[in-house]
Amino acid sequence: MTDRMTDTTTLLVGPFNRVEGDLEIRLEVAEGRVTAAYANSPMFRGFESMLRGKGPMDALTLTPRICGICSISQSMAAALALADLAGAEMIPNGSRVAQLLHMVENVSDHLMHFNLFFMPDFARPIYADRPWHGRTVERFTAVHGSALKRATEARAQLLHIVGLLGGKWPHTLAIQPGGVTRAPTARDKVRIGADLAAFRAYLEEVVIGAPLEVLLELTQIEQLNGWQTGDFGLFLEISDNLMLQTSGVGEHRYLSFGAYPTPEGRRFVPGILRDGTAGELEPAGIIEDLSHSWMLGPDAHPLHGQTLPDEDMREDAYSWCKAPRLRGESFETGALARQAIDGHPLALALSKEGSVRARVAGRLLELARTQVEMERLLAEIDPREPFMRHVKLPQDGEGVGLVEAARGALGHWFRVERGEITSYQIIAPTTWNFSPRDRSNIPGPVEAALVGAPVQPGEDTPIAVQHIVRSFDPCMVCTVH
Amino acid sequence: MNILWLQSAGCGGCTMSLLCAESPSLIDLFHGAGLEFLWHPSLSEATGAEVRRLLDAIEAGEQQLDILCVEGAIARGPRGTGRYHMLAGTGRSMLDWVESLAPLARHVVAVGTCATYGGVTSAGDNPSDAAGLQYEGSHAGAVLPATFRDKAGLPVINISGCPVHPDWVTETLMLLAAGALGPEDLDQYARPRFFADNLVHHACTKNEFYEYKASAEELSQMGCMMEHLGCIGTQAVGDCNIRLWNGEGSCTRAGYPCINCTAPEFEEPGHGFTETPKFAGIPVGLPTDMPKAWFMALASLSKRATPRRVAENAVADRVIVPPSVKSRKHD
């Protein structure tokens, strides 16, 4: 539809696929550019409400089922929140197994995003005149591309580690506040080592096209310019040709809760990064703003928040997603944020760029770093030690569990009275990244990043918008939950 | 046969599990069986307006639809409008789309316990008023009436599981493509019998502990989890311990109980998922088809006959007493 006075066109983009879950984006377009974007998370299930009145341990069964792609992340957040309630910690060896399970899920998600969700757009006919198109069609055509097939097989084999330690993926119940339910043997350890070795070989041969350590030693973006090997090289070539380093630029505010708490500390440290300046993470400053959400009740910190859906779906709201803000500001979260906040020099440089290219390169950098961390973690597991400690939960209290899912910061906050959950609030990574506007009308990160995206004449589902949205790797089922 | 796959009010985990199919992988298997996706939300190229045109063409009868797969429960709220899940870009609820498309498909397949019976999406106070396609919990008749039959005379085929095993989906689809799945091949909740005729108990590695009622007292111990830890593998349908998951896994092999995720209403057991409800110290739920008196008699007898090895290992997190090895007579 066109408003003649301002010459602004509105486009409704959806169903937006190759993201996890359902997504609708409304775009205002003028002079061939997006001037405003509105992200609608169109599905509400109400997990927070379901959990009320249940015993706290039931969160371990129910919350993983919020999301089939970040299931272990939800498990971990719930287990940590329960341990927090009890004032306990996982037994060290159990914690290592739990973190290994979590790393496998995150790595598998990154692999899937790159190969199955993000890259297939470059095989579209719209790019038929580009020098890289023929190779991209062979490698990345949706469903059938050779890279997709190889990635799916490598992922299935990597997930054997979850089969062995966690029974199945998704939706394991193996991760508990005191540790894990299965004590792996020395034989299990060498079997997992074989799976990890096979996965490294795949990454080095196919994805990165070089020893992982070569990538990990890079410190500047300029060093990526000569990278020609692996599917990473193909992505960088496409990215250069399409100027993806200037596409979908965010607002340079990044947040990470810190990933993989082990007895030796979090493997990737928590923090924030604002315009290149590092700061401490202060979760007490988080408020969920409901001004543009179909939610009722006051804005609140998640420990005091509610989930009361607005059945009337009022006109001035446009999403079931709440808008989390840290000290009043929106923050981008995800692999790029996590690696930059952890201080990897290449990720720091990419975070300053803050583009489609930066998000995707940050994710592949993390894929390589996490492979190394998985190998290190496996070596630290001692099969002779116990993997579970008994944790007794108090009848009353509160618990917080902060983790990093593949897509970024995930938090569970809950309260218990007389052995029953009275409040359970969850903020997922895509709640941050795809939040609607807040009370000050400040857009969420993806809404801001979409402004300026080109819209070609005749496009009803603009390709540039697709690249930008998918560069965030949204998980819509987690977003509202 | 072509497949239109819709993701409704669920977690997407059944697709994630499906992509774990191995030997062969999903796409090779589809190719060999003459199956192809008309559209799948996680996999297909088409997005936005391209998808809307496809859906319109199916509704207009211009595009044939062989198999409609729905993953996730159907949100019927608020107040029966289905607006808790509007299919993005279409201005219509998923409830409306499913009601419209199901009668047009040759077969309708519900994938996962949310799509079959409501599942976890309908847990607690069921905030979104979610139901399965043809069942609301164990009650037949939901989004589609109990009398619904597809063009081949089948009800909605219920591949339950939270998540589904990838092979349950691929084998059901292959049977449909081969015209080899009839009404008699489905159980009373319309689950394919090729997996539902088994119990999770079958081939459970804790069976020796079960035989002697040598029970684990806490998670991470090796004993049988029926007596104290909520395991209902002796009543739950599924071949989980026969075909295994993600290589060599299963819930019970990973040391946590079977929570009967293939069953209607598993999401509301009425007690903690990892606790066994008891009456006078005796578990309330008994193994399927087992007369109670016989169970009690056998249990008390076998408990007394428990070998020391089994008793000690049951409450340990690893084998602490290995099986004794008999020496040969001439040694």
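**Getting to know chain B**

Biologist: Where does Cys204(B) lie?

Modeller: Cys204(B) is found in a loop of chain B, between helix H7 (193-196) and helix H8 (207-212). This is a predicted model, in which local features need pLDDT of at least 70, side-chain atom pairs count only at pLDDT 80 or more, and totals for chains, interfaces and linings use all residues. Residues are numbered from 1 along each chain as its sequence is written, with chains lettered from A and ligands numbered from 1 in the order in which they are written. Helices (H or I, at least four residues) and strands (E, at least two) are DSSP runs numbered from the N terminus, and the place asked for is the loop between H7 and H8 of chain B.

Biologist: Is Cys204(B) buried or exposed?

Modeller: We count other C-beta atoms, placed from the backbone, within 10 Å of the residue's own: 20 or more means buried, 12 or fewer exposed, and in between partly exposed. Cys204(B) has 25 of them, so Cys204(B) is buried.

Biologist: Which residues does UniProt list with Cys204(B) for "binding site"?

Modeller: The record is an unreviewed entry; its positions use the numbering here, feature names are shortened, and annotations may be inferred rather than shown by experiment. Along with Cys204(B), UniProt lists His201(B), Cys224(B) and Cys231(B).

Biologist: What is the largest C-alpha distance in that group?

Modeller: The listed residues are spread over 31 residues of sequence. They still cluster in space, with a largest C-alpha distance of 11.5 Å.

Biologist: Which residues does Cys231(B) touch, beyond those up to four places away in sequence?

Modeller: Cys231(B) sits in the loop between H8 and helix H9 (240-243) of chain B, and Cys231(B) is buried, because 30 other C-beta atoms are within 10 Å. Contact means C-beta atoms, placed from the backbone, within 7 Å of each other. On that basis Cys231(B) touches Met225(B), Met226(B), Thr252(B), Pro257(B) and Cys258(B).

Biologist: How many residues of strand S3 (residues 67-71) of chain B are buried?

Modeller: On one side Ile67(B), Cys69(B) and Glu71(B) are buried, and on the other Leu68(B) and Val70(B). S3(B) is largely enclosed by the rest of the structure, because the buried residues number five of the five.

Biologist: Which residue of S7(B) stands opposite Cys69(B)?

Modeller: Strands pair if DSSP finds at least two bridges between them. Five bridges join S3(B) to strand S7 (residues 107-111) of chain B, and the two run parallel. Opposite Cys69(B) stands Val109(B).

Technical notes. Contact = placed C-beta atoms within 7 Å.
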